[in-house]
Amino acid sequence: MHNKVEQIPFGRPMLGEEERNAVLEVLASPQLVHGPRATAFEAAFAKFLGAGAHATTVSSCTAGLHLAYMHLGIGRGDEVIVSAQTHVATAHAVEITGAKPVFVDCSLATGNIDADGMASVITSRTRAISVVHYLGLPVDMAPVVELARKHKLFVVEDCALAIGASIDGVACGLLGDVGSFSFYPVKHMTTAEGGMVVSRHADVVASIANIKAFGYDRGFGERKIPGVYDVARLGLNYRMNEIAAAIGLEQLKKLPDLLRKRAANAAALRSALAGVEEITVLADGDRHRVHGNYCLVALLDERTGPRRSQIISGMKDRGIGTSVYYPIPLPLSIYYREKYGHAPDRYPNAARISNYSIALPVGPHLTEGDMHVVADSLKKTIREKRA
């Protein structure tokens with residue numbers, strides 16, 4: 001077999017007639033932005049997160065992170081602690097403000113930022129800690145918050161893969177000062193493109209809602225004379241349109257069921273992979289932490305890891321979609337390595353996960369039976385490529 005069409009794709013947006021009809025309703029209306037659907041989506045998402053949540057729609061998770069730093073007044077001369085094991089957006093949102101991302105290695109067991117490493121890089125210029133709930137597993141937030149309070153730092157949560165994740169009943173995004181979610185097509189839910197900024201603090205969300213709309217002193221619906229307003233602060237156009245919000249409202253109705261399917265699939269795949277000597281599956285949640293289950297990561301051992309590309313190709317030939325999260329420790333990417341001169345051996349755990357791991361699908365487009373196919377395919381492929 002070669003280049004077989006994927007029978008078990010890594011991800012797929014779960015869209016139906018409800019989303020299509022909602023979009024058609026928007027297209028039949030005279031209002032494509034500044035409308036009621038975005039407002040309704042914000043309220044519904046805040047309700048989903050739980051008591052005390054406030055939310056504002058944005059054009060992407062990246063935009064949300066950028067807005068968070070703008071609200072916090074972080075800029076040139078400041079430093080923000082960032083995990084080395086993350087998507088480039090996490091650091092770019094810091095970098096674009098003029099501040100410097102200071103990278104910290106991750107835990108090999110979880111992929112989440114190492115708490116001891118954070119403490120060691122705090123300086124007089126440090127203003128915030130950015131935590132990434134890696135693939136949906138909540139960061140152990142107690143030591144992060146304690147460290148932040150001790151040094152008077154803000155905590156910004158990158159929740160791009162953490163919808164449905166929580167600690168002791170408190171949703172990710174509400175554990176720090178501000179959080180940002182992603183609604184990219186293959187995430188837990190989608191708006192095609194889009195995101196949501198959330199916080200326990202109403203004033204934080206109100207401020208970010210203002211910055212995302214150019215910094216106008218009067219919103220679209222607040223102007224007594226149409227087209228007459230002033231500009232009170234520096235802002236951007238990071239709004240979500242009504243089409244995306246309409247999709248989001250319908251997706252949110254389905255989200256509890258989608259999350260249950262992810263959790264069942266992840267549990268089935270973990271069970272099916274138990275005892276495979278060549279891999280270690282990254283940590284699951286526990287009685288305190290609910291895992292968002294974006295995907296399941298199998299970390300290959302030292303002997304098998306160098307053959308990862310062959311194993312991924314073998315899985316593809318068997319019709320199994322996989323991915324890599326993330327392909328390189330972010331400080332060792334061309335841009336950050338050349339600008340800041342990061343040493344190649346400085347982030348060994350992130351490098352190990354980047355180089356030797358395979359992300360396996362657990363999305364709601366699949367069944368628990370599919371999980372056994374994925375596990376059996378991985379076992380067979382590893383045996384073949386090690387022979």
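Gly179 stands opposite Val198 in strand E9. Here strand E8 (residues 178–182) and E9 (residues 195–199) run antiparallel and are joined by 4 bridges. Helices (H or I, at least four residues) and strands (E, at least two) are DSSP runs, numbered from the N terminus. Two strands count as paired if DSSP finds at least two bridges between them. The model is predicted: local features need pLDDT of at least 70, side-chain atom pairs count only at pLDDT 80 or more, and totals for chains, interfaces and linings use all residues. Residues are numbered from 1 along each chain as its sequence is written, and side-chain values use heavy atoms, with hydrogens and water left out.

E8 and E9 belong to an open sheet of 7 strands. The strand order is E1-E9-E8-E5-E4-E2-E3, and the pairing is mixed. Strand E1 (54–58) and E3 stand at the edges with a single partner strand each, so one side of each lacks a neighbour in the sheet. From one strand to the next, the twist averages 25 degrees.

Ser83 has Val104 of E3 as its bridge partner. Strand E3 (residues 100–104) is mostly covered, with 4 of its 5 residues buried. Buried means under 20% relative accessible area, exposed over 50%, and partly exposed in between (1.4 Å probe, protein chains only).

Axes are lines fitted to C-alpha atoms, for helices over the stretch in contact, and angles run from 0 to 180 degrees between N-to-C directions. Contact means heavy atoms within 4.5 Å.

A further open sheet has 3 strands in the order E10-E12-E13, with antiparallel pairing. Strand E10 (279–281) and strand E13 (357–360) are the edge strands, each pairing on one side only. The twist averages 25 degrees from one strand to the next. E10 is joined to strand E12 (residues 296–300) by 3 bridges, and the two run antiparallel. Val281 stands opposite Ala298 in E12. Helix H9 (residues 308–317) lies across E12 and E13, at about 20 degrees to E13. Helix H11 (residues 348–356) also packs on the sheet, touching E12 and E13. The direction of H11 makes about 100 degrees with that of E12.

Helix H1 (residues 17–27) packs with helix H8 (residues 242–273) at an angle of about 150 degrees, their axes 9 Å apart. H1 is therefore roughly antiparallel to H8 (angles under 35 degrees count as roughly parallel, over 145 as roughly antiparallel, 65 to 115 as roughly perpendicular, the rest as oblique). H1 contributes Glu18, Glu19, Ala22, Val23, Val26 and Leu27 to the contact, and H8 contributes Glu242, Ile243, Ala246, Ile247, Glu250, Gln251 and Lys254. These residues divide into 7 nonpolar, 1 polar and 5 charged (Ala, Val, Leu, Ile, Met, Phe, Trp, Tyr, Cys and Pro count as nonpolar, Asp, Glu, Lys and Arg as charged, and the others, Gly among them, as polar).

Met14 is found in the segment before H1. At 25% relative accessibility, Met14 counts as partly exposed. Leaving aside neighbours within four places in sequence, Met14 is in contact with Glu19, Gln251, Lys254, Leu258, Pro364 and His365. The C-alpha atoms of Met14 and Lys254 are separated by 9.2 Å, though the residues are 240 apart along the chain.
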